[in-house]
Amino acid sequence: MAIEIERKFLVSSDAWRTAAHRVVPMAQGYLNDLAAMDTGAMKASVRVRIAGDAAFLNLKSRELGHTRQEFDYPIPVEDARALLALSVGGLVDKRRHYVEFEGHLWEVDEFLGDNAGLVVAEIELGSADEAFARPGWLGAEVTDESRYYNIALATRPYAQWSAAER
């Protein structure tokens, strides 16, 4: 079993763009929805993702916060396309930019479609208390705010958020 320890932040400027060394287009959908997670009817999100030329089936436990169980399995792209057609809610389209900063890899997700305008940065850590340098373009931490989770964005995209939520 894999454990994911991830912190999520808003991005406060475009300064990260010059340091990005790779970008991968992604499309993902969920085979369950946020309501099933919130009510406890399901204890894990089930995601299908096409990332560039590869595809994955991913399951994440439903804990709020930075530490969750995560299972990630490669699947054929054609299977992923068929599963995306079965997804509930909308698809989440984004470009993931990879940025190295002081010994850590940051994944900066620039959302498209109904989530356009939202840009978040994530860092995966080896332990919950691992120290890391914060780049100058990093904004507020949103790790514990479930509306920024991709499953929530599939159900209620950024375009539907009020000005206060943004």
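Predicted model: local features only at pLDDT ≥ 70, side-chain atom pairs only at ≥ 80, totals over all residues.
Q: Over how many bridges does β1 pair with β8?
A: A strand can be followed from one partner to another. β1 and β8 (residues 119–124) pair in the antiparallel sense over 5 bridges. Within that pairing, L10 has V120 of β8 as its bridge partner.

Q: Which strands pair with β6?
A: β2 (residues 20–30) and β6 (residues 88–101) pair in the antiparallel sense over 9 bridges, and M26 stands opposite K94 of β6. β6 also pairs with β7 (residues 104–111), again antiparallel, over 8 bridges. In that pairing E100 faces L105 of β7.

Q: How many residues lie between β6 and β7 in their hairpin?
A: For a hairpin, look at the two strands and then at the turn. β6 and β7 form a hairpin with 2 residues between them. E102 is found in this loop, and its phi is near 45 degrees, a positive value in a residue other than glycine.

Q: Is E102 buried or exposed?
A: Relative accessible area settles this. E102 has a value of 60% and is exposed, because exposed means over 50%.

Q: Where does I123 lie, and is it buried or exposed?
A: I123 lies in β8. Its relative accessible area is 0%, so I123 is buried.

Q: Which residues does I123 touch, leaving aside residues up to four places away in sequence?
A: Contacts show what surrounds a side chain. With those sequence neighbours left out, I123 touches I5, E6, R7, F9, H104, L105, W106 and F132. One of these, H104, is 19 residues from I123 in sequence and 7.5 Å away in space, C-alpha to C-alpha.

Q: How far apart are R81 and G40 in sequence and in space?
A: Sequence separation and spatial distance should be read together. R81 and G40 are 41 residues apart in sequence and 28 Å apart in space, C-alpha to C-alpha. R81 belongs to helix α2 (residues 77–84), and its 46% relative accessibility makes it partly exposed.

Q: Which residues of the largest nonpolar core touch the most other members?
A: A core is read by its members and by where they come from. The largest nonpolar core has 15 residues, and L10, F111, L118, V120, Y148 and L153 touch the most other members. Helix α3 (residues 150–155) supplies the largest share of this core, 3 residues. Another core lies apart from it, with 14 residues that include W16, W106, V119 and F132.

Q: Which residues does L118 touch, not counting residues up to four places away in sequence?
A: Beyond that sequence limit, L118 touches L10, D109, E110, F111, Y148, L153 and Y158.

Q: How many residues line the largest pocket, and which lie nearest its centre?
A: For a pocket, take its volume, then its lining. The largest pocket holds about 650 Å³ of space. It is lined by 33 residues, and Y30, S45, R47, K60 and R68 lie nearest its centre. By class, the lining has 12 nonpolar, 5 polar and 16 charged residues.

Q: Is S45 buried or exposed?
A: S45 has a relative accessible area of 8%, so it is buried. S45 is found in strand β3 (residues 44–51). Not counting residues up to four places away in sequence, S45 touches Y30, N32, M37, N58, L59, K60 and I151.

Technical notes
Residues numbered from 1 in each chain as written. Heavy atoms only, no water. 1 Å grid on protein atoms, 1.4 Å probe; cavity = no way out; pocket = protein on both sides within 12 Å on 5 of 7 lines; lining within 4 Å. Points joined across faces, edges and corners; volume = space filled by probe spheres on them. Nonpolar A, V, L, I, M, F, W, Y, C, P; charged D, E, K, R; others polar. Core = buried A, V, L, I, M, F, W, Y, C linked by side-chain atoms within 4.5 Å. Buried < 20%, exposed > 50% of the residue type's maximum accessible area, 1.4 Å probe, protein only. Helix = DSSP H or I, 4+ residues; strand = E, 2+ residues; numbered from the N terminus. Contact = heavy atoms within 4.5 Å. Pairing = 2+ DSSP bridges.
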